[in-house]
Amino acid sequence: MAKPKAPRRTLESYTVKHINKTVRAGDCVLMRPSEPSKPSYVARIERIEADSRGTNVKVHVRWYYRPEESIGGRRQFHGSKEVFLSDHFDVQSADTIEGKCTVHSFKGYTKLDAVGNDDFFCRFEYNSATGAFNPDRVAVYCKCEMPYNPDDLMVQCEGCSDWFHPACIDMTVEEAKRLDHFFCESCSAEDQNKLPTSHSARHSDTKVDTKRRRR
């Protein structure tokens with residue numbers, strides 16, 4: 001007759017000794033990858049369990065996928081710190097936790113004054129079986145009609161309020177950073193009396209808004 005499994009109990013928290021960090025359900029963590037050459041896996045702890053003696057601690061996790069781990073692969077608009085909240089659940093030894101991290105909302109991430117090594121952001125949920133995303137559409141910008149990549153600098157037109165990549169408006173990043181005013185080609189054509197466009201910017205106390213990489 002098979003020996004019955006020892007009952008397991010749920011823990012409110014657990015201190016991972018080798019990193020001296022306490023984790024709880026809801027925390028995001030970095031977990032040891034299957035191959036040393038790969039980056040740490042990112043996961044959200046759903047539940048922590050231990051055996052009756054408080055040993056053999058396991059964490060129930062929900063994995064975040066990096067863009068390159070998805071069926072469609074990494075795209076131009078994916079940020080370097082972007083992850084997708086997947087429908088892939090798993091159980092892992094708590095000893096495979098390498099550290100704690102923070103997965104921000106997309107809006108929260110873009111407002112960070114500085115991005116640390118343990119900061120990530122998520123704007124999509126991901127179905128690991130079908131490759132589908134939720135939401136399946138997001139706002140697009142610029143002539144290229146691409147979603148916003150927070151790693152890339154963009155400039156905002158003072159007329160239509162759309163955002164543009166410097167390269168898409170025949171400008172270098174350095175030129176974009178020096179802009180005082182910017183009106184896109186369409187807005188400039190509609191009203192020639194508006195301020196000059198990108199290539200003849202003038203001095204002002206108000207600089208043109210930019211979306212730029214935060215370090």
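A cavity is a set of points, on a 1 Å grid over the protein atoms alone, where a 1.4 Å probe fits but cannot get out, and residues with an atom within 4 Å of a point line it. Its volume is the space filled by probe spheres set on the points, with grid points joined across faces, edges and corners.

The model is predicted: local features need pLDDT of at least 70, side-chain atom pairs count only at pLDDT 80 or more, and totals for chains, interfaces and linings use all residues. Residues are numbered from 1 along each chain as its sequence is written, and side-chain values use heavy atoms, leaving out hydrogens and water.

The whole structure has one cavity of 30 Å³ or more. The largest cavity holds about 40 Å³ of space. Its lining consists of Q76, F77, M146, P147, N149, D152 and H165.

Rings of Phe, Tyr and Trp (its six-membered ring) pair if their centres lie within 6.5 Å; planes under 30 degrees apart are stacked, over 60 edge-to-face and the rest tilted. The count comes to 11 aromatic pairs. Two of them are tabulated.

| Pair | Centre to centre | Angle between planes | Type |
|---|---|---|---|
| Y65 and Y126 | 5.5 Å | 45° | tilted |
| F84 and F133 | 4.9 Å | 85° | edge-to-face |

Buried means under 20% relative accessible area, exposed over 50% and partly exposed in between (1.4 Å probe, protein chains only). Y65 is buried at 15%, and Y126 is buried at 4%. F84 is buried at 0%, whereas F133 is partly exposed at 27%. Ring pairs link Y65, F84, F124, Y126 and F133 into a cluster.

Methods. 1 Å grid on protein atoms, 1.4 Å probe; cavity = no way out; pocket = protein on both sides within 12 Å on 5 of 7 lines; lining within 4 Å.
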